[in-house]
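Subject: Structure handover

Hello,

Here is the structure to look at. My notes on it follow below.

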Amino acid sequence: MASMLQPQIILLKEGTDTSQGKAQLVSNINACTAVADVLRTTLGPRGMDKLIHDDKGNVTISNDGATIMKLLDIVHPAAKILVDIAKSQDSEVGDGTTTVVLLAGEFLKEAKPFVEDGVHPQNLIRSYRTACNLAIEKIKELAVSIEGKSLEEKKILLAKCAATTLSSKLIGGEKEFFASMVVDAVIAIGNEDRLNMIGIKKVPGGNMRDSFLVNGVAFKKTFSYAGFEQQPKKFLNPKILLLNIELELKSEKENAEIRLSDPSQYQSIVDAEWNIIYDKLDKCVKSGAKVVLSRLAIGDLATQYFADRDIFCAGRVAEEDLHRVTAATGGTVQTSVNNIIDEVLGTCEVFEEKQVGNERFNIFSGCPSGQTATIVLRGGADQFIEEAERSLHDAIMIVRRALKNSTVVAGGGAIDMEISRYLRQHARTIAGKSQLFINSYAKALEVIPRQLCDNAGFDATDVLNKLRQKHALPSGEGASYGVDINTGGIEDSFANFVWEPSVVKINAINAATEAACLILSVDETVKNPKSESAQGEAAASAMGGRGRGGGFPGRGRGMRRR
């Protein structure tokens with residue numbers, strides 16, 4: 001009786017929301033499964049696209065997992081972990097963002113019945129981590145190296161990897177065309193790690209096949225003054241001067257005051273201003289440069305001055321484009337026109353200004369350093385070109401990874417089925433509950449081929465049974481068999497060039513397992529009411545700051561005294 005009358009101990013502030021135990025864990029698993037269900041239909045060559053419309057009225061059409069996850073604006077704390085793994089997969093490898101979310105969702109789905117039956121989450125986590133390590137070892141064992149091949153052979157192999165990535169995108173219909181373009185661009189930048197050395201410029205109009213690759217730099221014609229049309233628009237082997245100064249008449253920046261005792265002195269001040277600008281322009285001309293680019297403005301006087309001397313100039317060039325011109329032509333950006341020597345000037349084989357759609361482009365090709373490339377994308381709608389750019393980003397990342405890591409595995413769900421078979425076999429050698437957990441992990445891996453079939457409208461059960469039978473052959477010859485998207489049967493993915501870099505799969509399985517283990521290890525969520533009320537107060541004060549004196553009682557503005 002005495003124990004019943006004891007006062008209740010209050011640890012947390014009033015209004016704090018705590019949920020814990022099994023119900024909390026199941027709730028988190030359900031939230032993650034719901035997120036995975038959103039992305040489920042976007043997987044593979046026959047995946048559907050999502051149209052996302054935000055509160056600002058922007059419309060995005062995409063089937064890139066990372067893009068969709070970023071735009072979904074998820075508020076559930078556990079489901080946010082899936083957004084993070086999609087982002088990390090995108091920044092690390094570039095492709096496989098949908099795969100990683102699907103796998104994490106499926107691992108949790110398979111763990112749910114065990115949790116409901118009272119299995120301790122730590123037992124599941126231990127088994128999942130063991131299975132993950134076994135899977136990664138198996139991938140490394142099955143991977144085929146493309147090292148030691150000639151450049152031409154390598155190009156063909158890399159184009160196959162890029163085509164596999166692009167097949168699931170909006171531009172999948174032209175995957176061969178874009179795959180070879182991406183491979184050429186990546187090989188052009190060589191060992192350069194900065195991705196911004198490959199520029200992608202978007203020009204609405206025309207069709208996809210009007211897109212082209214410039215082995216060098218291309219950027220839109222900048223704002224220009226009168227006299228620009230008289231400048232020559234094509235040069236062979238020109239010297240290129242890159243500046244970061246303004247070439248125009250400037251009024252004094254400070255509030256300078258000049259007192260004159262004689263009106264004739266005024267003319268000498270005006271002349272001095274003109275002499276300064278003419279002196280700068282003379283030095284540019286004497287340097288021997290035929291193309292002058294500046295990050296800041298080149299005024300009308302300078303434009304006409306250069307036109308009279310057959311020199312091309314462009315002012316207000318974007319910083320990123322100027323950096324790429326520097327890398328390509330071997331020039332150096334100058335902050336002064338004094339002492340311009342030949343070493344700081346860049347050069348290229350051909351410079352020309354060309355019409356692309358409605359835009360005019362300045363194109364530098366045949367650059368000596370050659371550490372940059374530009375892809376000019378054409379297409380109908382703006383949303384289409386945006387999605388094409390995202391698709392090409394994925395393909396570029398994949399080709400870079402394949403070049404660096406140079407091992408590939410069979411795609412089309414083949415590698416997933418093979419690991420699944422291997423783990424099932426391994427599970428039989430383990431005594432105890434762990435056998436069931438590793439089996440469930442193996443079953444979860446089958447989500448990739450199953451979803452590929454579902455998205456293409458085939459009978460997933462039928463195809464999976466055929467795949468299981470093929471992969472179970474003792475000789476191991478069925479290891480590279482995956483889903484045939486075109487016929488609804490199965491095919492040797494490796495022989496049909498459905499390849500992906502092994503790093504994509506390793507990263508995806510690692511990240512998905514880590515995310516699943518992290519969510520399984522959470523058994524209590526505490527929601528602090530202070531943070532919520534603080535947000536509410538901030539919003540209220542923002543509203544109350546205007547209008548009736550911040551919401552305080554009393555007279556408003558313009559009210560009569562009583």
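Predicted model: local features only at pLDDT ≥ 70, side-chain atom pairs only at ≥ 80, totals over all residues.

Helix 7 itself covers residues 175–189, 15 residues in all, and reaches 21 Å from its first C-alpha to its last, close to the 21 Å expected at 1.5 Å a residue. Its buried residues are Phe177, Phe178, Ala179, Met181, Val182, Val183, Ala185, Val186, Ala188 and Ile189. What lies over them includes helix 6 (151–166) and helix 11 (382–405), together with strand 5 (198–204), strand 6 (212–214) and strand 16 (373–379).

Helix 1 can be checked for length in the same manner. Its 20 residues (21–40) should span 28 Å at 1.5 Å a residue, and the end C-alpha atoms are 29 Å apart, which agrees. Buried residues in helix 1 include Leu25, Val26, Ile29, Cys32, Val35, Ala36 and Leu39, and also Gln24, Asn28, Thr33 and Arg40.

Next, the nonpolar cores. The largest has 73 residues, and the members that touch the most others are Met69, Phe107, Leu124, Leu423, Tyr441, Ile509 and Leu520. A second, separate core has 40 residues, including Ile146, Leu157, Ala188 and Ile200. In soluble globular proteins, nonpolar side chains tend to be buried together. As for isoleucine 509, if residues up to four places away in sequence are not counted, its contacts are Leu103, Cys132, Ala135, Ile139, Ile419, Tyr441 and Leu445.

Glutamate 106 is in helix 4 (residues 97–116). Is glutamate 106 buried or exposed? Glutamate 106 counts as buried because its relative accessibility is 4%, and the cut-off is under 20%. Leaving aside neighbours within four places in sequence, glutamate 106 is in contact with Arg40, Ala444, Val447 and Arg450.

On cysteines: how many disulfides are there? The count comes to zero. Cysteine 517 is in no disulfide, because the nearest cysteine sulfur, that of cysteine 132, is 7.9 Å away and a disulfide needs the sulfur atoms within 2.5 Å. Cysteine 517 is buried, with a relative accessible area of 2%. Cysteine 32 is buried too, at 0%.

Strand 7 is joined to strand 15 (residues 359–365) by five bridges, and lysine 220 stands opposite phenylalanine 361 in strand 15.

Last, alanine 314. This residue lies in strand 11 (residues 312–314) and is buried, with a relative accessible area of 2%. Not counting residues up to four places away in sequence, alanine 314 touches Thr222, Val292, Leu293, Ser294, Ile298 and Asn362. Alanine 314 and phenylalanine 228 are 86 residues apart in sequence, and their C-alpha atoms are 9.0 Å apart in space.

Regards

Methods:
Residues numbered from 1 in each chain as written. Heavy atoms only, no water. Core = buried A, V, L, I, M, F, W, Y, C linked by side-chain atoms within 4.5 Å. Buried < 20%, exposed > 50% of the residue type's maximum accessible area, 1.4 Å probe, protein only. Contact = heavy atoms within 4.5 Å. Helix = DSSP H or I, 4+ residues; strand = E, 2+ residues; numbered from the N terminus. Pairing = 2+ DSSP bridges. Expected span 1.5 Å × (residues − 1).
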